[in-house]
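Here is a short briefing on one protein model. Keep the sequence and the 3D view at hand while reading.

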Amino acid sequence: MREKKKYMVISFHSTTEAMSFEKQCIGNGIPGRLIPIPREITAGCGLAWRIPVEEYPLCRQAIQERRMEYQDVVELML
């Protein structure tokens, strides 16, 4: 069985928001990837950005500076 790790999961209202968020993160060297929304949370579009907890401060700063759109941020063991 795979060992679970802590991740920050960012959900979105729409697929367009998710794709735009992914593009901005990749363009700015922010680690993470789009995943299907985990069962533990709900979101409008079914996609979420998963990022290791230790990398989240970099992502949060980019979100604030670029006013990136998202629905919610949750810490989960995945």
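With 78 residues, a compact globule would have a radius of gyration near 12 Å, and this protein agrees, because its own value is 12 Å. The model is predicted. Its secondary structure comes to two helices and four strands.

**Overall fold**

- Read from the N terminus, the elements run β-α-β-β-α-β.
- The C-alpha trace spans about 35 × 25 × 15 Å along its principal axes.
- Of the contacts with a separation of 6 or more, 75% join residues 24 or more positions apart.
- Buried residues make up 33% of the 78 residues.
- The accessible surface comes to about 5,100 Å². Carbon and sulfur atoms account for 48% of that surface.

**Nonpolar cores**

- The largest nonpolar core has 15 residues. Those with the most contacts inside this core are Ile10, Phe12, Phe21, Trp49, Ile51 and Cys59.
- Four elements each supply at least two residues of this core: β1, α1 (15-27), β3 (47-52) and α2 (56-66).
- Helix α2 gives the largest share, with four residues.
- A second core is separate and has seven residues. Its members include Ile35, Ile41, Ala48 and Leu76.
- Which residues does isoleucine 10 contact, leaving aside its neighbours within four places in sequence? The list is Phe21, Leu47, Ala48, Trp49, Tyr56, Cys59, Ile63, Tyr70, Asp72 and Val73.
- Cys59 is among the residues with the most contacts inside the largest core, and Ala48 is in the second core.

**Cysteines**

- How many disulfides does the structure hold? The count is zero.
- Cysteine 25 is in no disulfide. The nearest cysteine sulfur, that of cysteine 59, is 4.6 Å away.
- The cut-off for a disulfide is 2.5 Å.
- Is cysteine 25 buried or exposed? Cysteine 25 is buried, because its relative accessible area is 0%.
- Cysteine 59 also counts as buried, at 0% relative accessibility.

**Salt bridges**

- Side chains of opposite charge can pair when their charged atoms come close. The structure holds two salt bridges.
- Lysine 6 and glutamate 75 form one of them, at 3.5 Å from N to O. Lysine 6 lies in strand β1 (residues 6-11) and glutamate 75 in strand β4 (residues 72-77), so this pair ties together parts that are 69 residues apart in sequence.
- Both partners count as partly exposed. Lysine 6 has 47% relative accessibility, and glutamate 75 has 43%.
- Glutamate 65 forms a salt bridge with arginine 66. The closest N and O atoms of this pair are 3.4 Å apart.
- Glutamate 65 is exposed, because its relative accessible area is 51% and the exposed class begins over 50%. Arginine 66 counts as partly exposed, at 36%.

Terms used. Residues numbered from 1 in each chain as written. Predicted model: local features only at pLDDT ≥ 70, side-chain atom pairs only at ≥ 80, totals over all residues. Heavy atoms only, no water. Buried < 20%, exposed > 50% of the residue type's maximum accessible area, 1.4 Å probe, protein only. Salt bridge = Lys/Arg side-chain N within 4 Å of Asp/Glu carboxyl O. Core = buried A, V, L, I, M, F, W, Y, C linked by side-chain atoms within 4.5 Å. Contact = heavy atoms within 4.5 Å. Rg over C-alpha atoms; globule rule 2.2 N^0.38 Å. Areas by Shrake-Rupley, 256 points an atom, 1.4 Å probe, with all protein chains shown as cover.
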